[in-house]
Amino acid sequence: QVQLVESGGGLVQAGGSLRLSCAASGSIFNINFMGWYRQAPGKQRELVAGITTGGSTNYADSVKGRFTISRDTAKNTVYLQMNSLKPEDTAVYYCNADVVVGGTWARDDYWGQGTQVSVSS
């Protein structure tokens, strides 16, 4: 099995910064993609940022220039540096990983438990 454990959420004032971390552990052969999604109350879950094994990144238009995703492949860890936070960034942030499981070689999608990010105005 594979587990994703997130950390780094919290409450911050508008204009502030937070850094989220997500560490994957378990029977991992390879992780093709890691990303961060968020879900605000009453809204659908949306992709915030993603990064491939090769380092290619993509961002939601709403966070471009403010958020930076990075990855430590050796540690199976992904980070999301969030700067210039806005109240509309308030949401539960979820880590996601596209994993090839060691031993079975099955490819599956895994999610973290979510971490709350709240931005006050």
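User: What kind of model is this, predicted or experimental?
Analyst: This is a predicted model.

User: OK. How many disulfides does a search of the whole structure find?
Analyst: The search finds one disulfide. It joins C22 to C95, with an S to S distance of 2.1 Å.

User: What is a disulfide, again?
Analyst: A disulfide is a covalent bond between the sulfur atoms of two cysteines.

User: Which handedness does the link of C22 and C95 have?
Analyst: The link of C22 and C95 is left-handed, with -80 degrees about the S-S bond. This pair ties together distant parts of the chain. C22 sits in strand β3 (residues 18-26), and C95 sits in strand β9 (residues 91-101). They are 73 residues apart.

User: Is C22 buried or exposed?
Analyst: C22 is buried, because its relative accessible area is 0% and buried means under 20%. C95 counts as buried too, at 0% relative accessibility.

User: New topic. How many residues are in the largest nonpolar core?
Analyst: The largest nonpolar core has 31 residues. Those with the most contacts inside it are W36, L80, M82 and Y93.

User: Which strand gives the largest share of this core?
Analyst: That is β9, with six residues. Several strands supply at least two residues each, including β4 (28-39), β5 (46-52) and β8 (77-82).

User: Now the sheet. In what order do the four strands of the open sheet run?
Analyst: The order is β1-β3-β8-β7, and the pairing is antiparallel.

User: Which are the edge strands?
Analyst: β1 and β7 are the edge strands, and each pairs on one side only. Neighbouring strands of this sheet are turned by 15 degrees against each other on average, direction ignored.

User: How many bridges do β1 and β3 pair over?
Analyst: They pair over six bridges, in the antiparallel sense. As for facing residues, S7 stands opposite S21 in β3.

User: Last one, T115. Which strand is it in?
Analyst: T115 is in strand β11.

User: Why does T115 count as buried?
Analyst: T115 counts as buried because its relative accessibility is 12%, and the cut-off for buried is under 20%.

User: What does the side chain of T115 reach?
Analyst: It reaches the backbone nitrogen of G9 at 3.3 Å.

User: And which residues does T115 touch?
Analyst: Leaving out residues up to four places away in sequence, T115 touches E6, G9, L20, A91, V92 and Y93.

Conventions: Residues are numbered from 1 along each chain as its sequence is written. This is a predicted model: local features need pLDDT of at least 70, side-chain atom pairs count only at pLDDT 80 or more; totals for chains, interfaces and linings use all residues. Side-chain values use heavy atoms; hydrogens and water are left out. A disulfide is a pair of cysteine sulfur atoms within 2.5 Å. Buried means under 20% relative accessible area, exposed over 50%, partly exposed in between (1.4 Å probe, protein chains only). A nonpolar core is a set of buried Ala, Val, Leu, Ile, Met, Phe, Trp, Tyr and Cys residues joined through side-chain atoms within 4.5 Å. A polar contact is a pair of N or O atoms within 3.5 Å; within protein, one must be able to donate a hydrogen and the other to accept it, and residues adjacent in sequence count only if both atoms are side-chain atoms. Contact means heavy atoms within 4.5 Å. Two strands pair if DSSP finds at least two bridges between them. Axes are lines fitted to C-alpha atoms, for helices over the stretch in contact, and angles run from 0 to 180 degrees between N-to-C directions.
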